[in-house]
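This report goes through one protein model for a reader who is new to protein structure. Please keep the sequence and the 3D view open while reading.

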Amino acid sequence: MGYWNNKLGKHRALLTNKELARHLPPTKLATKANIHGMLEKYRTLYLKPNHGTGGNGIFKLSHHGNKYRLQNGTRSRTFTSFEGAFTAFTKSRAKKIYLVQKGISLLHYQKRPFDLRIMVQRSPQRKWEVTGIVGRLARPHKVVTNYHSGGKPMPARELLTPFVPSAEQSPYIGQLNTLGLRISRHMSGIFPRFLAYGVDIGIDKELKPWIIEVNTKPDKFIFNALADKRMFRKIMRYARISKTSG
């Protein structure tokens, strides 16, 4: 099972670094026993295909009292037993291998959850460099923030303003960028052929950053959706340099 083409492999690769492991939500293969045990412990879970991008096929499963709620896209169903919810999930998963991950209570902007995408690329000097950071605001009633699933790209500072005072935003974003760099350096030590990483970071109510996913083929064009094109132009310039330099 190659690390680079599935989520569980990349998760396990990150776990080998103690500093990065602190920022990883508990994640396992989505067996019935694992889902049931984690749901009893955490109450909210995400069920994700081990392969795939763009937020497709992601489910949110939550447990409150004797109710089990299963969400996919904008569709939400409620069950009175775990068996009912698990059966519905099994019918929808189309025999794909899934992971179960602890649900992070993400910060909300205008009552919608958001996360951040940090772009890290090889510079012309072949050093790892953060070339962009962008917020992704979920569509109303959706459980994912991904751009291709309708997530709205927004400036990171705008989304963080209700939670981080303006004087503290630059240091805080600096900490996020440092985390993105640590992740990229660690991953490149295992898989040196990749020239860019898209690091998806979720932030909880205590402002702790969580590593949601690391993309080895990150979408550059989400940055083109921002009014300020400076990050996009730099990202594209570095991508061209990396391509021509082999």
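The sections below treat a sheet, its hairpins, the aromatic rings, a cavity and a pocket in a predicted model.

Six strands make up an open sheet, and their order across it is 1-6-2-3-4-5. The pairing in this sheet is antiparallel. Strand 1 (27–29) and strand 5 (75–79) are the edge strands; each has a single partner strand, so one side of each has no neighbour in the sheet. From one strand to the next, the twist averages 20 degrees.

The order of the strands in the sheet can be followed through the pairs described next. Strand 2 (residues 44–49) pairs with strand 3 (residues 59–64) in the antiparallel sense, over four bridges. Strand 3 pairs in turn with strand 4, again in the antiparallel sense, over six bridges. Strand 4 (residues 67–72) is joined to strand 5 by five bridges, and these two strands run antiparallel.

## Residues across the strands

Thr 44 has Ser 62 in strand 3 as its bridge partner. Ser 62 has a bridge partner in strand 4 as well, namely Arg 69. Arg 69 is in turn the bridge partner of Thr 78 in strand 5.

Two further pairs can be found in the view. Lys 60 stands opposite Gln 71 in strand 4. Tyr 68 stands opposite Phe 79 in strand 5. On which sides of a sheet do the side chains of a regular strand lie? They alternate between the two faces of the sheet.

## Two hairpins

Strand 3 and strand 4 form a hairpin with two residues between the strands. In this hairpin, Gly 65 takes a positive phi near 65 degrees.

Strand 4 and strand 5 form a hairpin too, with two residues between them. Here the turn contains Gly 73, which has a positive phi of about 65 degrees.

## Aromatic rings

How many aromatic pairs does the structure hold? The count is 10. One of them is formed by Phe 114 and Phe 163, whose rings are 6.2 Å apart centre to centre, with 40 degrees between the planes. This pair is classed as tilted. It links distant parts of the chain, since its two residues are 49 residues apart. Phe 114 lies in strand 8, while Phe 163 lies in the loop between helix 5 (156–160) and helix 6 (166–190).

Is Phe 114 buried or exposed? Phe 114 has a relative accessible area of 1%, and because the cut-off for buried is under 20%, Phe 114 is buried. Phe 163 has 29% relative accessibility and counts as partly exposed, because that class lies between the 20% and 50% cut-offs.

There is also an aromatic cluster, made up of Phe 59, Tyr 68, Phe 82, Phe 86, Phe 89 and Tyr 98. Tyr 68 is the residue that stands opposite Phe 79 in strand 5.

## A residue in helix 5

Ala 156 has its place in helix 5. Its relative accessibility is 5%, so Ala 156 counts as buried. Along the chain, Ala 156 and Gln 169 are 13 residues apart, and their C-alpha atoms are separated by 9.6 Å.

## The cavity

The count of cavities of 30 Å³ or more comes to one. The largest cavity holds about 150 Å³ of space. It is lined by 13 residues, and those nearest its centre are Lys 7, His 11, Gln 101, Ile 212 and Glu 213.

Helix 1 (7–15), strand 6 (98–102) and strand 12 (209–215) are the elements that give two or more residues to this lining. By type, the lining of the largest cavity divides into six nonpolar, three polar and four charged residues.

## The second largest pocket

The second largest pocket has a volume of about 240 Å³. It is lined by 13 residues, of which Leu 195, Ala 196, Pro 218, Lys 220 and Ala 239 are the closest to its centre.

Strand 8 (112–122) and helix 7 (230–244) each supply at least two residues of this lining. Which element gives the largest share? Helix 7 does, with four residues. The lining of the second largest pocket consists of seven nonpolar, three polar and three charged residues.

Methods. Residues numbered from 1 in each chain as written. Predicted model: local features only at pLDDT ≥ 70, side-chain atom pairs only at ≥ 80, totals over all residues. Heavy atoms only, no water. Pairing = 2+ DSSP bridges. Axes fitted to C-alpha atoms, helices over the stretch in contact; angles between N-to-C directions. 1 Å grid on protein atoms, 1.4 Å probe; cavity = no way out; pocket = protein on both sides within 12 Å on 5 of 7 lines; lining within 4 Å. Points joined across faces, edges and corners; volume = space filled by probe spheres on them. Nonpolar A, V, L, I, M, F, W, Y, C, P; charged D, E, K, R; others polar. Phe/Tyr/Trp six-rings, centres within 6.5 Å; stacked < 30°, edge-to-face > 60°. Buried < 20%, exposed > 50% of the residue type's maximum accessible area, 1.4 Å probe, protein only.
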